[in-house]
Amino acid sequence: MQLFQSLWGWDDSLEAALDRAASQGFDGLECNIDHACMEPLPPDEVRQLFIACGNPLILEITTGGGYTPDLADGPQQHLDQLVRALDRARRMDPLKINLITGSDSWPEPEQHRFLEAVLDLTEAEPCPVMVETHRSRSLFNPWQMPVWLERHPRLRLTADLSHWCCVAERLMTPDLIPIQVMAERVDHIHARIGHAQGPSVSHPFAPEWADALEAHRRCWQLFVDAVGTSAQPITITPEFGPDGYMPLQPFSAEPVADIAAINSAMADWLRTALHTPSS
């Protein structure tokens with residue numbers, strides 16, 4: 001199992017991020033390809049920085065203008081953006097690519113055509129490319145997951161169950177059909193704890209969120225078990241973040257908890273809470 005530190009909310013340099021990740025015991029970094037610390041750097045320079053420190057990179061690619069897609073961008077705009085991003089990503093030599101793509105606003109036949117085009121584009125990539133279960137995107141709806149997987153056998157997934165908690169207004173649990181059918185297709189996990197009314201609890205280890213924490217853990221363990229002894233490492237990114245995810249104190253708008261400390265504590269917890277084949 002490899003644990004990656006997210007650069008969501010990070011406002012320093014990539015070199016400083018690599019130093020922080022090493023000092024806190026993370027195995028690598030997960031970073032959006034358009035992050036402010038990445039954007040000005042030539043891809044070869046990014047690759048050399050990661051080679052020098054010996055830690056892998058998981059790249060995140062979003063299409064449609066940002067994390068919530070622009071409704072004016074149709075499938076072809078998303079595909080054009082993906083082509084450009086993959087060309088840049090390839091030269092950084094990432095371990096994996098996490099793709100946040102499509103729009104929940106498109107009709108189902110268009111969704112299927114789009115996803116087939118995405119899979120055609122990514123199939124030849126030298127590293128695994130996963131599509132994330134993200135709100136406002138093509139895979140926003142957990143109840144459609146059996147259909148997606150049957151229609152698209154090449155589809156690999158990044159599981160972020162916190163988004164589905166929001167969409168379905170309930171916790172995701174291993175007894176649910178979508179969780180069961182996706183288990184063998186999950187190549188990467190975003191470890192944030194959602195709840196029935198939001199994508200992020202205030203603190204995953206607060207006693208009031210114990211049921212939510214355990215529900216997510218049980219799903220993640222199912223995914224880890226399904227990977228078995230695969231040659232690909234099990235990769236997990238603790239992904240608590242800002243931007244309306246972390247609840248704020250009224251009037252002062254101060255976060256109710258320290259995001260960086262939570263992500264570090266979540267990484268420590270995952271090392272013992274999840275049982276891998278090697279353990």
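# Chat on a predicted barrel model

Biologist: Is Q48 buried or exposed, or in between?
Modeller: Q48 counts as partly exposed, because its relative accessibility is 42%. Buried means under 20% relative accessible area, exposed over 50%, and partly exposed in between, with a 1.4 Å probe and protein chains only.

Biologist: What are the ground rules here?
Modeller: This is a predicted model: local features need pLDDT of at least 70, side-chain atom pairs count only at pLDDT 80 or more, and totals for chains, interfaces and linings use all residues. Residues are numbered from 1 along each chain as its sequence is written, and side-chain values use heavy atoms, leaving out hydrogens and water.

Biologist: Where does Q48 lie?
Modeller: In helix α2, residues 43-53. Helices (H or I, at least four residues) and strands (E, at least two) are DSSP runs, numbered from the N terminus.

Biologist: New topic. In what order do the barrel strands close?
Modeller: Eight strands close as β1-β2-β3-β4-β5-β6-β7-β8, with parallel pairing. Two strands pair if DSSP finds at least two bridges between them. From one strand to the next, the twist averages 30°.

Biologist: How many bridges join β1 to β2?
Modeller: Three, between residues 2-6 and residues 28-32. F4 has G28 as its bridge partner in β2.

Biologist: Which strands does α1 lie across?
Modeller: β1 and β2. Helix α1, residues 14-23, runs at about 140° to β2. Axes are lines fitted to C-alpha atoms, for helices over the stretch in contact (heavy atoms within 4.5 Å). Angles run from 0 to 180 degrees between N-to-C directions.

Biologist: And the largest nonpolar core: which residues touch the most other members?
Modeller: L14, M182 and F223, out of 74 residues. Helix α8, residues 210-227, gives the largest share, six residues. Such a core is a set of buried Ala, Val, Leu, Ile, Met, Phe, Trp, Tyr and Cys residues joined through side-chain atoms within 4.5 Å.

Biologist: What is M182 in contact with?
Modeller: Leaving aside neighbours within four places in sequence, T133, M145, L149, L157, A159, W164 and F223.

Biologist: How many aromatic pairs does the structure hold?
Modeller: Three. W8 and Y245 are edge-to-face, because their ring centres are 4.8 Å apart and their planes are at 85°. Rings of Phe, Tyr and Trp (its six-membered ring) pair if their centres lie within 6.5 Å; planes under 30 degrees apart count as stacked, over 60 as edge-to-face and the rest as tilted.

Biologist: Where do W8 and Y245 sit?
Modeller: W8 is in the loop between β1 and α1, and Y245 in the loop between β8 and α9, 237 residues apart. Y245 counts as buried at 14% relative accessibility.
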